[in-house]
Amino acid sequence: MNTAICVREISKSFGNFSAVNQLSFTVQQGDIYGFLGPNGSGKSTTLRMMMGLIKPSAGDIEIFGTSLSLHRHSIMRKVGCIIEKPDFYGYMSALDNLKLFARANLLTYSPKQYQDLFHLVGLTGREKDKVKTYSHGMKQRLGLAQALIHDPELIILDEPNTGLDPQGIIDLRNLILQLNQERGKTILFSSHILTEVQQLCNRMVVINKGKSVVEGKVEELLSTESMHVRIELSQLDKAIESINQSTYRPKLVNIDDHLFRFKMSKQEIPELLRFFMDQQIDILRVDYRNELEEYFLKITTDQS
Amino acid sequence: MKEFKAILINELIKTMKRPRTYIGFGVITFVCLMLQAAFYKDGKEILSFVTQQFENVFNIEGRVLNGNLICFILLQTLIVQMPLLVALVTGDAVSGETASGTIRFLLTRPASRTKIVLAKWLAGLFYTLLLLIILGIMALVVSRFIFGEGDLMSLNSEGLTVISGDDINWRWGYAFLIAFLSLGVVASLGTFLSCILDNSITPIVSVMAIIIIFTIIGMFDLPSFDVIKPFLFTTHMISWKNLFEDPIPFQDILISIVVLAFHILLFISLSIFYFNRKDIQS
């Protein structure tokens, strides 16, 4: 498989603030690649560097094996993007806006092609409306249309679900899957919501404070073999004594007031619950997360 | 070249579709019609008051209040206000897109930043040219239609100059060209400030502030100001009036053209230099 994006130790500082710090990751052609991180983790800055909007302080970005700093012109012909919120010329219609983008890409679209594009993003019938009358969700859809107008091989989407209603999120997810599976597009999908990435992506990187925290296949990172289980129990002393005398002792990570934290596979959780019921210890609450969810929760909680 | 042409067409379309563009056209048309109506009603009285002082020296005959004189007055009046109208569009060219976020879409296309800023600058010059064409039609053509043709009697620092009506059309042509060059400096300054700043209003206000400060410096005959005056573009913005003197000071006009052209080159070079290094964070 060929490499679509290769980011090598890029850094970006604004004055004394280091927004991105020696970040590296690789996206293969055909991937739906999740770019995950809490708000302010450096996602947008990284994507802006990948689109040539911001110049890296250090490091190099290659797209389809070509250096972005040297061959930006030819690379941009193969890349479509929505960076941050989609903004258009509000005093012009959606169709006129798309005509501008088509012309900027040296494309001569027929009316039918425009119709197809509007149909693809679910904006049929609103083509001639001024963009200033559009809702945020409609602008997101139009943003997607402009990203696809030149049939790019790589599509970079920066938090594209923002502002979409539930149906819009489902439509977008289906469209991304369709573009990937039927048209072979490589997609880089940035989000600060783990479940969005879980549902869509095959590979992902998690970044925090401008650094790569973990990178790999989503299914491996979301493995159910090592779950973080939290159980709130009523009788503290009795529960501690029962656990100490059982085979669950090595799996107990810590106790915080009445909250017991275990690390075990997902299959073991029902057995553990049965054990407490047999011991006649009341279970007040149970929740569990995989390693990545636990880690992501920790970094987002640390930030807030 | 094909790519540049496409971007330039886009910029022209955006300029012509923006409601703001038509403010300038409306203002010029309104001011011209307003002054023409006022001169049609009270012009003769005002003129007889002005010419009274010369009547002891020589006789004034013929139609003094004519289209050429009205055009001269209108051009003299509006050339002071027109920089604001030019700045209103060019000062917003890049900064307006930065503030609204559309700059991200613009810069994620294959075209280079140099081409984008040049296209915006040319679109600004095109708008400036349109303003002057409208001014030309309203001030010269319409005034001649209302007041008729005749010799131009102009007052300047040297006294009274009379230009024959047969010898005036070429002077108007060059006067409008120099006015275009002068406003071209304002358009280039607007584009430059628009590249530096990230909001729409500040570049527009800054252009006007610079013009006001430079004009004030030009108004006072102080030795310290006299040193810098020849280098200020505002000093040369009124050099079109030299074409209505007799004899015409061609040397002064040429110097003004060089200074204005230098300023245009300087501002557009700075715009390209700065815009190519700018991080788009909006």
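In the predicted model described here, A:Q280 is found in the loop between α10 (269–278) and β14 (283–290) of chain A, where helices (H or I, at least four residues) and strands (E, at least two) are DSSP runs numbered from the N terminus. The phi of A:Q280 is near 60°, a positive value in a residue other than glycine. With a relative accessibility of 61%, A:Q280 counts as exposed, the classes being buried for under 20% relative accessible area, exposed for over 50% and partly exposed in between, with a 1.4 Å probe and protein chains only. Residues are numbered from 1 along each chain as its sequence is written, while chains are lettered from A and ligands numbered from 1 in the order in which they are written. Because the model is predicted, local features need pLDDT of at least 70 and side-chain atom pairs count only at pLDDT 80 or more, whereas totals for chains, interfaces and linings use all residues, and side-chain values use heavy atoms, with hydrogens and water left out.

The secondary structure of chain A comprises eleven helices and 14 strands, and its C-alpha trace spans about 75 × 45 × 40 Å along the principal axes. Of the 304 residues in chain A, 50% are buried.

Strands of a sheet pair through backbone hydrogen bonds, in either a parallel or an antiparallel arrangement. In chain A, four strands form an open sheet in the order β2-β1-β4-β5, with antiparallel pairing, two strands being taken to pair if DSSP finds at least two bridges between them. The edges of this sheet are β2 (17–28) and β5 (66–67) of chain A, each of which has a single partner strand, so that one side of each is left without a neighbour in the sheet. Strand β1 (residues 3–14) of chain A is joined to strand β4 (residues 58–63) of chain A by five bridges, and the two run antiparallel; within this pairing, A:C6 has A:E62 in β4(A) as its bridge partner. In contrast to the exposed A:Q280, A:F64 counts as buried, at 15% relative accessibility.

Elsewhere in chain A, strand β12 (residues 252–256) and strand β13 (residues 259–264) pair in the antiparallel sense over four bridges, with A:L252 standing opposite A:F262 in β13(A). The hairpin of β12(A) and β13(A) has two residues between the strands, and A:D257 takes a positive phi near 60° there. Most residues other than glycine have a negative phi, and most peptide bonds are trans. In chain B, a cis peptide bond joins B:D246 and B:P247, with omega about 5°, and B:P247 is found in the loop between α10 (233–236) and α11 (250–277) of that chain.

Aromatic contacts were assigned for rings of Phe, Tyr and Trp (its six-membered ring) with centres within 6.5 Å, planes under 30 degrees apart counting as stacked, over 60 as edge-to-face and the rest as tilted. By this rule, the count comes to 22 aromatic pairs over all chains. One of them is formed by A:F88 and A:F101, whose ring centres are 5.9 Å apart and whose planes stand at 75°, so the pair is edge-to-face. Since A:F88 lies in the loop between β6 (79–82) and α3 (94–104) of chain A and A:F101 in helix α3 of chain A, the pair ties together parts that are 13 residues apart in sequence. A:F88 is buried, with a relative accessible area of 9%, and A:F101 is likewise buried, with 5%. The rings of B:W170 and B:Y174 have their centres 6.0 Å apart and their planes at 75°, so this pair is also edge-to-face. Both residues lie in helix α7 (residues 169–196) of chain B, four residues apart, about one turn of the helix. B:W170 counts as partly exposed at 34% relative accessibility, as does B:Y174 at 47%. Ring pairs also link B:F72, B:W172, B:F176, B:W240 and B:F244 into a cluster.

A further contact in chain B involves a charge: B:R113 lies over the face of B:F275, at 5.7 Å from the ring centre, the criterion being NZ of Lys or CZ of Arg within 6 Å of the ring centre and within 35 degrees of the ring normal.
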